[in-house]
Amino acid sequence: MAAISIFFSLLLISAAFTTVYGGGIGFSTSLIHRDSPLSPIRNQSLSHYDRLNNAIRRSISRADALFQRAATLTGNSIESSISPGGGEYVMSVSLGTPPVPYVAIADTGSDPAWTQCKPCKQCYPQSEPVFDPKKSSSFSPVPCTSDSCTSVSDTTCGDQQSCDYSFVYGDQTYSKGELATDTITIGSTSVNMVIGCGHESGGGFGTTSGVIGLAGGDMSIVTQMSKKSSVSRKFSYCLPSVSSQGSGKINFGEDAVVSGSGVVSTPLGPSTMYQITLEAISVGNERHAVGKAVAENNMIIDSGTTLTYIPKDMHDGVVSSMAKIIGSKRVNDPGNFFALCYSPDSDDVNIPSVTAHFAGGANVELPKENMFITVADGVSCLMFTAMTESDPFGIWGNIAQANFLIGYDLEQKSLSFKPTACA
């Protein structure tokens, strides 16, 4: 309970400020890794390596769900819903009038926000009391004939003309309930928007209340805030490294602008998922390109996937270049999953500079901590894995994103990176 108390104190302090910029609004709150000592869903009984192995397994499951979802769609569109239960970061907002704290998984792969609601037919245990819509004066069910209902997939008309939803994600986690409008508050900024009020839910959501959807669709909180207030359609976040004990931050509106020295930007694709184009990765002086013809929007950037998935030829080239430097200090992965590991106890192993080259001239230099993680005593492995021939795209995972301020400008369709100490 002490960890939960610290967590909520930190969130209340960090979310207490909203800034106004010439008519535009900006606000921020803490973003905490699910395995951080500050997290309310941290499993205290597990060791560090147990938590890391679980994160890797969640990453594999989430990537599989992303690939399977894309295979069911036509053209090059990539939509949610995927597996927010596998999400790696939690954030806090308040819900209702009067506002009630709502701690949820922040998910760049989902659109609607939802929370568990009374009456609960089948709900998982959560760290705070389940939201009671009868106690919120701003709660209003969405009629099944409204545009808000028909614009959301997986909805039906309920017995009392309510808009009933059923979100079943790729890993079989689920939420079922009714769509409603209610007030979401971050800092001192409140916006009335469509949310899911879940009466049945289950899966890997930990003890959070639900999910905060940050994808680019019409029902994400980013889009709804911009439509119903003067909050611009932008957000950014700064993820601390896996080894950090601190929290990161997520910013909205004018607080989400990424500017200053060291910023590089690349175009975002048209999908509601966040597509970017990776052209090459350089290891020292050796450059490994995607191929003769670089496919546009060949990657998605995802906060909920731990690992980074890149084309096999590129992956094998990166591993080959790294192996030349590591030499005799190379060791086997005890889990037989990662292609390249070395002994971090070796003083003479100098990992070279590695640069990811994205479209638009966005060259992102990756420190060692963005590539290698210690997976067992005396074993540090490259957190890049090879795509299969059937995988429709690559994934830029959250280890590779750590200690960068990453800005999503959905108005200009641009993604920005700025090296930043995030914790």
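Keep in mind as you read that the model is predicted.

**The sheet**

Let's begin with the strands. Four of them, in the order β17-β16-β22-β23, make up an open sheet, and their pairing is antiparallel. Which strands stand at the edges of this sheet? They are β17 (residues 286-289) and β23 (residues 362-366); each has a single partner strand, so one side of each is left without a neighbour in the sheet. From one strand to the next, the twist averages 20°.

Strand β16, which covers residues 278-283, pairs with β17 in the antiparallel sense over 4 bridges. To find a place where the two strands face one another, look for Ala280, which stands opposite Ala289 in β17.

The sheet also has a helix packed on it: α5, made of residues 312-326. This helix touches β16, β17 and β22 (residues 354-358). The direction of α5 makes about 10° with that of β16.

| Pocket | Volume | Lining by class |
|---|---|---|
| Largest pocket | about 400 Å³ | 2 nonpolar, 4 polar and 6 charged residues |
| Second largest pocket | about 310 Å³ | 7 nonpolar, 10 polar and 3 charged residues |

Start with the largest pocket. Among the residues that line it are Pro119, Lys121, Pro141, Asp159, Lys176, Glu178, His199 and Glu200. The largest share, 3 residues, comes from β9.

Turn now to the second largest pocket. How many residues line the second largest pocket? There are 20, and His33, Asp35, Ser36, His48 and Val242 lie nearest the centre of the pocket. Helices α2 (residues 48-71) and α6 (residues 398-401) each supply at least two residues of the lining. The element that gives the most is α2, with 4 residues.

Methods. Residues are numbered from 1 along each chain as its sequence is written. This is a predicted model: local features need pLDDT of at least 70, side-chain atom pairs count only at pLDDT 80 or more; totals for chains, interfaces and linings use all residues. Side-chain values use heavy atoms; hydrogens and water are left out. Two strands pair if DSSP finds at least two bridges between them. Axes are lines fitted to C-alpha atoms, for helices over the stretch in contact, and angles run from 0 to 180 degrees between N-to-C directions. Contact means heavy atoms within 4.5 Å. On a 1 Å grid over the protein atoms alone, a cavity is a set of points where a 1.4 Å probe fits but cannot get out, and a pocket is an open set with protein on both sides within 12 Å along at least five of seven lines; lining residues have an atom within 4 Å of a point. Grid points are joined across faces, edges and corners, and a volume is the space filled by probe spheres set on the points. Ala, Val, Leu, Ile, Met, Phe, Trp, Tyr, Cys and Pro count as nonpolar, Asp, Glu, Lys and Arg as charged, and the others, Gly among them, as polar.
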